[in-house]
Amino acid sequence: TALVLANPVAGRGRGTAFAHEIAHGLAANGIQCEVFLTRARNDATERVRQLDPAVDLLVCVGGDGTLREVFQGQAGRQVPVAVMPLGTANVLALDLGLPRSVGKCLEVIVGRHAQEIDLARVNDQLSFLVTGIGLDGATLRELERRRRGPIRKLSYVPALFGALGQYREPRLDVAIDGQAVPGTFGLVLVSNIVHYGGIMRLSRERCFDDGLFEVLLFPRADWSALARIAMWGAVTGLPRKNLCHLRQARCVRVTSRTPVPYQIDGEYGGTTPVDFVVTGSRARVLVPAPLPASKPQAKP
């Protein structure tokens, strides 16, 4: 039995049609299913919390925000989730190579290859992609302030310039797994993904299910440093080593003397302090084929 959860405004209003098309395809494969359309934030979370024990498949039709709500509602049940990516960024779909057609999505469901994804808590909110403290947090705060409906990729441009108009380089203090990191930082990213911000790829050492997230520490994030980071990312797609330090962690604490905005998985989260913890729980996402073998899991 399957539950199809769809954001009806995703994919420029095509979410409902895609959800029913997937439901029809599931029925043709002998899988009974229900379609649930979200109407407000956290609808998907509340619906999954009420999940019937007989349901053994969830299908998420929407973007990373809808998927995050689905993961939040599972509370450790690990029901496999198939994803039909219709959001603005679709970061996880990009990392996992998930298809964007109904036919291919149904093939993934029938194949039943699952990839486990580490989950984390950030100030009691769920994260599975990336938490950013600094300019990206300010940009998402500005985007939330300006938002009047569905977000498109171009929506980030005026939000970024709005954030830059008020920008002051932060000084962030960081502790990793209980140990203070020497110095201060202008930008901190805590990530379990590769693709970020449309132009940059983060750590290639990222492993979805090793119990660790990658921590990217940028000592400088003034206008000059931000320009160098953006230019290098646009040309090479990778963070430049002399502009960024890479660590791995299970727990990260970020503080500052003055409040600094942060974002969680592409949504504005609030201001520092930030307490980040990999929980040990995982979500299971259906993928086209098994990924290469994971590194050994980090010991508790």
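How exposed is Arg220, at 45% relative accessibility? Arg220 counts as partly exposed, a label for anything between buried (under 20% relative accessible area) and exposed (over 50%), using a 1.4 Å probe and protein chains only. The close-ups below come from a predicted model, where local features need pLDDT of at least 70, side-chain atom pairs count only at pLDDT 80 or more, and totals for chains, interfaces and linings use all residues. Residues are numbered from 1 along each chain as its sequence is written, and side-chain values use heavy atoms, with hydrogens and water left out.

**View 1. Arg220 and Asp222 pair up in a salt bridge.** The N to O distance here is 2.0 Å; a salt bridge is a side-chain nitrogen of Lys or Arg within 4 Å of a carboxyl oxygen of Asp or Glu. Asp222 is buried, at a relative accessible area of 17%. Salt bridges with shared partners join Arg220 and Asp222 with Glu169 and Arg171 into one network. The structure holds 14 salt bridges.

**View 2. Arg68 meets Glu267 in a salt bridge.** Their side chains sit 3.2 Å apart, N to O. Arg68 lies in helix H4 (residues 64-74) and Glu267 in strand E17 (residues 267-271), so this pair ties together parts 199 residues apart in sequence. Helices (H or I, at least four residues) and strands (E, at least two) are DSSP runs, numbered from the N terminus. Arg68 is buried at 5% relative accessibility, while Glu267, at 28%, is partly exposed.

**View 3. Asp118 and Arg282 link two strands through a salt bridge.** The N to O distance is 2.9 Å. Asp118 belongs to strand E5 (residues 113-122) and Arg282 to strand E18 (residues 274-287), so the pair bridges 164 residues of sequence. Both ends are tucked away: Asp118 is buried at 1% relative accessibility, and Arg282 is buried too, at 16%.

**View 4. Leu154, Val157 and Phe161 make a nonpolar patch on the surface.** Together they have about 350 Å² of accessible area, worked out by the Shrake-Rupley method with a 1.4 Å probe; for residues, only the protein chains shown count as cover. Patches take residues with over 30% relative accessible area and no salt bridge, joining like charges within 9 Å and nonpolar side chains (Val, Leu, Ile, Met, Phe, Trp, Tyr) within 5 Å. Leu154 sits in the loop between helix H7 (135-146) and helix H8 (156-165). At 70% relative accessibility, Leu154 counts as exposed.
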